[in-house]
Amino acid sequence: MIKVQREDFDVGLELDRLTRGNPHIGGVASFIGLVRDMGGTDRVTALSLEHYPGMTEKKLAEIEAEANRRWPLDASLIIHRYGRLEPGDRIVLVATASPHREAALAACHFLIDWLKTDAPFWKSEETPAGERWVAARHEDDEAARRWTARK
Amino acid sequence: MKILYFAWLRAKIGTAEEDLPLPRGVADVAALLAWLKTRGPGYAEALKDLTAVRVAVNQDYVGPEHKVRDGDEVAIFPPVTGG
């Protein structure tokens, strides 16, 4: 399931919904991304997340379908927020459920790595020195590329 | 065609969205970007380094050789930074 929303989410409630009524699920893996304050002169006081409505949902659905193709998942969930967020706020939740932990853990890692390089979101940071757009990280491309080698 | 701009490309160009007829002689993404650059200083500045620019046509990532047609939705934006 894909959700793109401005509002916060309740992690416990979402994970409960993901597994409820399916006794085949033996494990749930999750990743929660938070707004980080870098500290010092780069102190981030807030983050604004912009996205491309339509393409965002399409790309997230494609990534989720690919995870389901690669691993035997019973359920999966991606929630990504947009709008203005402050340090400590939740940005993203990825959760995967499977009979066994290996598939759930690997698929969760795959989803967050691919989401970072494929889903059309952009962050701008408010800092004491002004507002600036976050630059894409080369390490994120490398992290996503790891998964193309192993099918 | 509809053209959408996001993040700092939107800020530099000064608009989020515009509707344009397919320019004469423009057949692919590379030609469209070259034509847009000539529309004003904001466009020229935003599109001067195309290694920092990604393009999606009808909501799929495409390369410079991808054909464009009137009626396409073309989105132009920097590398993504979500998650």
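How many residues of chain A are in contact with chain B, and how many of chain B with chain A? In this predicted model, local features need pLDDT of at least 70 and side-chain atom pairs count only at pLDDT 80 or more, whereas totals for chains, interfaces and linings use all residues. Residues are numbered from 1 along each chain as its sequence is written, and chains are lettered from A and ligands numbered from 1 in the order in which they are written.

The interface joins 20 residues of chain A to 13 residues of chain B, contact requiring C-beta atoms, placed from the backbone, within 7 Å. On the chain A side, two or more residues come from each of helix H2 (55–70), helix H3 (101–118) and strand E7 (121–127); helices (H or I, at least four residues) and strands (E, at least two) are DSSP runs numbered from the N terminus. H3(A) gives the most to this side, with four residues.

The largest nonpolar core has 52 residues, of which A:Leu111, B:Phe6 and B:Ala75 touch the most other members. Such a core is a set of buried Ala, Val, Leu, Ile, Met, Phe, Trp, Tyr and Cys residues joined through C-beta atoms within 7 Å, buried denoting 20 or more other C-beta atoms within 10 Å, exposed 12 or fewer, and partly exposed in between. H3(A) supplies the largest share of this core, nine residues. Beyond its neighbours within four places in sequence, B:Ala75 is in contact with A:Tyr52, A:Met55, B:Leu4, B:Phe6, B:Val55 and B:Ala56.

B:Tyr61 lies in strand E4 (residues 60–62) of chain B and is partly exposed, because 15 other C-beta atoms lie within 10 Å.

Key: Contact = placed C-beta atoms within 7 Å.
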